[in-house]
Each structure stands twice: as C-alpha cells, then as structure tokens.
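The sequence and structure come first.

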Amino acid sequence: MKVEIWSDVMCPFCYIGKRRFEEALQQFPHKDKVEVEWKSFQLNPDLKTDLSVSHTRYLAQIKGWTEDYVHQMDQHVTQMAAEVGLTYNLSNAVVANSFKAHRFGHLAKQHGLGDAAEEALFKAYFTDSKNTDDDATLVELGISIGLDAELVKQTLASDAFADEVRRDINEAQQLGIRGVPFFVMNDKYAVSGAQPAPVFTQTLEKAYEEWGQQRSAFEVIDGPVCGPDGNC
C-alpha cells in the first residue's frame, strides 16, 4: 500500500509530522507492506535565498507579524518538536529556496534513498542551520546518505529532476492541497498536518483494510483454463 507525503524542506510541521507518522508506522502490524513516497511542495516558490535575511525577519515580513510574535511562535513549535525528539534552532535557520533541495530529494529517491534524503534535509535546515540551497551542503548530505559525490554535483549543475519537482507541485494543486505536510494513503484517505500518531494509525488501518479488499475484490467466472501442471 502506498503512502504519498507532500512536504517542503522549510516547513517545521513537516519534520514533526514525519516523526509522528513514523511512530504510527512503527506500531502498524503491516508496516512491511507500506511503501512511502515523498513528494515536493513549495511554500514560497518565489523566495530568493538571502543569507543576510534572518528567519525572524523573513517570517515577520511575509506574515505581517512583529518579531516578538515570531519568537513566541518559534518557541511553541520548538516545544512541539522536542516532544517528538527533535531539536529545532529556528532563530538560526537559513531561509533558502527549496527547489534545489527537492531536486536533490528526487535524485535520492531514484536510488531508494528518498526517506533518508528527507531526514537529512530536515535536520540540516532545522537543527544544523545549514543552507539547503547550497551545492556544497547538498553534496555533503548526499555523501552522508550513501550517494556518490560526483553524481550529486553533476545533478545540481544541471536541471535534472526539475520536471519531477514541478510535476509533484502540479499534482498537489490538482488534488487541492493548500498546505503541508499532506499524507495520502491508498489514493483515497488523506491526513493534513502534523496530526497525533493515533490519527495516522487509524487512517493506516482503514486504508490498509480497503487496500487488501481491493487486491482480491474481483469475481471469477470459471471457464476452460490451462494450469501450471500442464492440464488443460
């Protein structure tokens, strides 16, 4: 059964949602039959990476908030992250356009490392305060998850996987996805936001039950056949 997750590297609730989903999946008795696929989404596609702009000033500008209110919100989100074992350093986060990071994620997904790439990108952004729009940073992350450094460099130097990123974003628009994280299970059930683990558990159970029925939900009209033993 497939679970598709739309997220953005700079979304604090996406990392928290990842942990809560992982908690539910770990307890799910059929987890070995669940395939997780990460999909690209951009909260601010027009954002230009500018190392001179702080996370606090960026949010204050785009949200129309005071910097004091941004600090209050950051404290709240940091506490949420801590409850699932994550360390957030939001005041030091490097505000960066996420398109290149999403291309990196698609490269990793092609090599069966999609989840590892998402984890590395989230940690780099929220915990380690790294510039996830920087080639050197992404090469370093690629090496850490098992990708070849030259392959990552060549990918980033080209426009490889740009179409795949745009395709994910267009698909999200067609599905009416307006915010992330957004989890789609069995192409039928969706969970929006960093919901508590029990919400994911319940949805996984419901989606898996129907998925199992779909796989065998056909009527058989018997007729002349040939079997593997050669009898016809």
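Does arginine 57 count as buried, partly exposed or exposed? Arginine 57 counts as partly exposed because its relative accessibility is 37%, where buried means under 20% relative accessible area, exposed over 50% and partly exposed in between (1.4 Å probe, protein chains only).

## Basis of the model

This is a predicted model, in which local features need pLDDT of at least 70 and side-chain atom pairs count only at pLDDT 80 or more, while totals for chains, interfaces and linings use all residues. Residues are numbered from 1 along each chain as its sequence is written, and side-chain values use heavy atoms, with hydrogens and water left out.

## Overall fold

The protein has 9 helices and 4 strands; these are DSSP runs (helices H or I, at least four residues; strands E, at least two), numbered from the N terminus. Along the sequence the order is β-α-β-α-α-α-α-α-α-α-β-β-α. Taken along the principal axes, the C-alpha atoms fill a box of roughly 75 × 40 × 30 Å.

Of the 232 residues, 46% count as buried. Among contacts (heavy atoms within 4.5 Å) with a separation of 6 or more, 74% come from residues 24 or more positions apart.

## Arginine 57

Arginine 57 lies in helix α2. Leaving aside neighbours within four places in sequence, arginine 57 is in contact with Ser52 and Glu67. Its C-alpha atom is separated by 9.7 Å from that of serine 91, 34 residues apart along the chain.

## Helix α3 and methionine 80

Helix α3 has 17 residues and reaches 25 Å from its first C-alpha to its last, close to the 24 Å expected at 1.5 Å a residue; the expected span is 1.5 Å times one less than the number of residues. The buried residues of α3 are Val70, Asp74, Val77, Met80 and Ala81. Seen down the axis of α3, these buried residues fall within an arc of 120°, so they line one face of the helix; the arc is that of the directions from the helix axis to the C-beta atoms. An α-helix has 3.6 residues a turn, so residues three or four places apart point the same way. The buried residues of α3 pack against α1 and α2, whereas Asp68, Gln75 and Glu83, on the other side of the helix, are exposed. Just after α3, glycine 85 takes a positive phi of about 85°.

Methionine 80 is placed in helix α3 (residues 67–83) and counts as buried because its relative accessibility is 14%. Apart from neighbours within four places in sequence, methionine 80 is in contact with Phe13, Ile16 and Arg20.

## Largest pocket

The largest pocket holds about 450 Å³ of space. On a 1 Å grid over the protein atoms alone, a pocket is an open set of points with protein on both sides within 12 Å along at least five of seven lines, a cavity is a set where a 1.4 Å probe fits but cannot get out, and lining residues have an atom within 4 Å of a point. Grid points are joined across faces, edges and corners, and a volume is the space filled by probe spheres set on the points.

The largest pocket is lined by 18 residues, of which Met10, Pro12, Leu43, Leu59 and Lys63 are the closest to its centre. The elements giving two or more residues to this lining are α1 (12–27), α2 (55–63) and α3, and α2 gives the most, with 5 residues. By class, the lining has 14 nonpolar, 2 polar and 2 charged residues; Ala, Val, Leu, Ile, Met, Phe, Trp, Tyr, Cys and Pro count as nonpolar, Asp, Glu, Lys and Arg as charged, and the others, Gly among them, as polar.

## Cavity

A search of the whole structure finds 1 cavity of 30 Å³ or more. The largest cavity has a volume of about 70 Å³, and residues lining it include Trp38, His102, His106 and Glu118. Elements giving two or more residues to the cavity lining are β2 (35–40), α4 (99–110) and α5 (114–127), with α4 giving the most, 4 residues. The cavity lining has 1 nonpolar, 5 polar and 3 charged residues.

## Helix α5

In α5, 10 of the 14 residues are buried, so the helix is largely enclosed by the rest of the structure. The buried residues of α5 pack against β1 (2–7), α1, β2, α4 and α6 (135–145). After α5 comes serine 129, whose phi is positive, near 55°.
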